[in-house]
Amino acid sequence: MDTEPLSSVAFHAYLCDLTVINICTLAYRPTLQWLRRTLIAGQPQQPVSVIDIGSGGGDMLRRIWKWAGKRKINTDLVGVDLNPWSKQSAEKMTSGMPIRFETSDIFDFHPDRRADFIISSLFAHHLTDDEVIRFIRWMDAHAVHGWFINDLHRHPLPYAFIKCFTRLFGFNRLVQHDAPLSVARAFVMADWRRLLMAAGIPMERIRITWFFPFRYGIACQCTDTGSGPRVGVPATFTDGQRSWLLPSGALGVALFQKPSARRLRISGESMTATAST
Ligand SMILES: C[S@@+](CC[C@H](N)C(=O)[O-])C[C@H]1O[C@@H](n2cnc3c(N)ncnc32)[C@H](O)[C@@H]1O
């Protein structure tokens, strides 16, 4: 999808299938869990603003809106996506919910005020290493309280699984092609350490968590020194849990760590998915 120009119908079909995959792979859980932990119980006085980068069909924001609604938390939700069909598609699927969608390349997106939280899901693996570093810095400059990256763990198991799953259940051609490629372009723990370090983010502010099945959540607590003007701050926020970086041996992920180049080789099939510089 990064290379092929798509019609609005094809892109909408792709986003619909992606929503089904997101549901089946428990994709919303890491982000919602982080939001829950970051927002303490109690009523924020002002709407909590969240920007979702690479928002696609907008399903993560719809989940957040429903989740916050149940807790009587007011929200100000914005999705940003490069592809103009994304806004069209997301608006179609989001009728009745006060969520805004914008069309922009993230690196050209300059909101007039910072958001409380910036999130992304299945977005970072679309970027080169240099762009990931830039993206991390961008989020750090534009978030008041924190940011969260939700992305895949590069590993042969999810690669093989998603390849079979999308074929077996007849997902559209683009999803069959993109889903395994996304795993191949994704990250291991060592990538995140290297990229965060290169972006100049102190590890004390970072927490990296592995989630079943094969996802990483990269949570960052902001220090409120960003450059943009402040947005209204909800009355009650925790200062986050103590941030920590999981030791690489934790959860057994160390077994699968391969530092440096983001590339996955599957039984002689060399993926041309290298996203490192
Ligand atoms: C795999 S989709 C993920 C969609 C959604 N976040 C989800 O989890 O289902 C990645 C999205 O990122 C968008 N995207 C890619 N590069 C971008 C950029 N530089 N700026 C903004 N959006 C971008 C694509 O258009 C696409 O909709």
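Colleague: Which residue stands opposite Ile 51 in β2?
Modeller: Opposite Ile 51 you'll find Val 78 in β2. Keep in mind that this is a predicted model.

Colleague: And what about Asp 52, what's its bridge partner in β2?
Modeller: Asp 52 has Gly 79 as its bridge partner in β2.

Colleague: In which sense do β1 and β2 pair, parallel or antiparallel?
Modeller: Parallel, over six bridges. Strand β1 covers residues 48-53.

Colleague: How many residues of β2 are buried?
Modeller: Five of its seven, so β2 counts as mostly covered.

Colleague: OK, zooming out: what's the order of the strands in the open sheet?
Modeller: Seven strands line up as β3-β2-β1-β4-β5-β7-β6, with mixed pairing. The two edge strands are β3 (99-103) and β6, each of which pairs on one side only. If you ignore direction, neighbouring strands of this sheet are turned by 15° against each other on average.

Colleague: How many helices and strands does the chain have?
Modeller: Eight helices and nine strands.

Colleague: What share of the chain's residues is buried?
Modeller: Buried residues are 42% of the 277 in the chain. As for contacts between residues at least 6 apart in sequence, 79% of them join residues at least 24 apart.

Colleague: What about Phe 214, where is it?
Modeller: Phe 214 is in the loop between β6 and β7 too. Its phi is positive, about 60°, although Phe 214 is not a glycine.

Colleague: And is Phe 214 buried or exposed?
Modeller: Phe 214 is buried, because 20 other C-beta atoms lie within 10 Å.

Colleague: Which other residue has a positive phi although it is not a glycine?
Modeller: Leu 122 is one, with a phi of about 55°. Look for Leu 122 in the loop between β4 and α5 (129-142). Leu 122 counts as buried, because it has 23 C-beta neighbours inside 10 Å.

Colleague: Now Thr 209. Where's its place?
Modeller: Thr 209 is in strand β6, residues 206-211. With 16 C-beta neighbours inside 10 Å, Thr 209 counts as partly exposed. The cut-off for buried is 20 or more, and for exposed 12 or fewer, so a count of 16 lands in between.

Colleague: How far is Thr 209 from Met 189?
Modeller: Their C-alpha atoms are separated by 9.3 Å, and the two residues are 20 apart along the chain.

Colleague: Switching to helices: what does α2 lie across?
Modeller: Helix α2 (residues 29-38) lies across β4 (115-121), β5 (143-152), β6 and β7. Against β5, α2 runs at about 155°.

Colleague: And α5, which of its residues are buried?
Modeller: Val 132, Ile 133, Phe 135, Ile 136, Met 139, Asp 140 and His 142. What covers them includes β4, β5, α8 (189-199) and β7.

Colleague: What span should the 14 residues of α5 have?
Modeller: At 1.5 Å a residue they should span 20 Å, and the end C-alpha atoms of α5 are 20 Å apart, so the two agree.

Colleague: Last topic, the ligand. How many residues surround it?
Modeller: There are 17, and the closest are Gly 54, Gly 56, Leu 82, Asn 83 and Ser 121.

Colleague: What classes are in that shell around the ligand?
Modeller: Seven nonpolar, eight polar and two charged residues.

Colleague: And which elements each supply at least two residues of the shell?
Modeller: α1 (8-24) and β2 (75-81) do. That's the β2 we began with, where Val 78 stands opposite Ile 51.

Conventions. Residues are numbered from 1 along each chain as its sequence is written. This is a predicted model: local features need pLDDT of at least 70, side-chain atom pairs count only at pLDDT 80 or more; totals for chains, interfaces and linings use all residues. Helices (H or I, at least four residues) and strands (E, at least two) are DSSP runs, numbered from the N terminus. A residue is near a molecule or strand if its C-beta atom, placed from the backbone, lies within 6 Å of it. Ala, Val, Leu, Ile, Met, Phe, Trp, Tyr, Cys and Pro count as nonpolar, Asp, Glu, Lys and Arg as charged, and the others, Gly among them, as polar. Two residues are in contact if their C-beta atoms, placed from the backbone, lie within 7 Å. Two strands pair if DSSP finds at least two bridges between them. Axes are lines fitted to C-alpha atoms, for helices over the stretch in contact, and angles run from 0 to 180 degrees between N-to-C directions. The expected span of a helix is 1.5 Å times one less than its number of residues.
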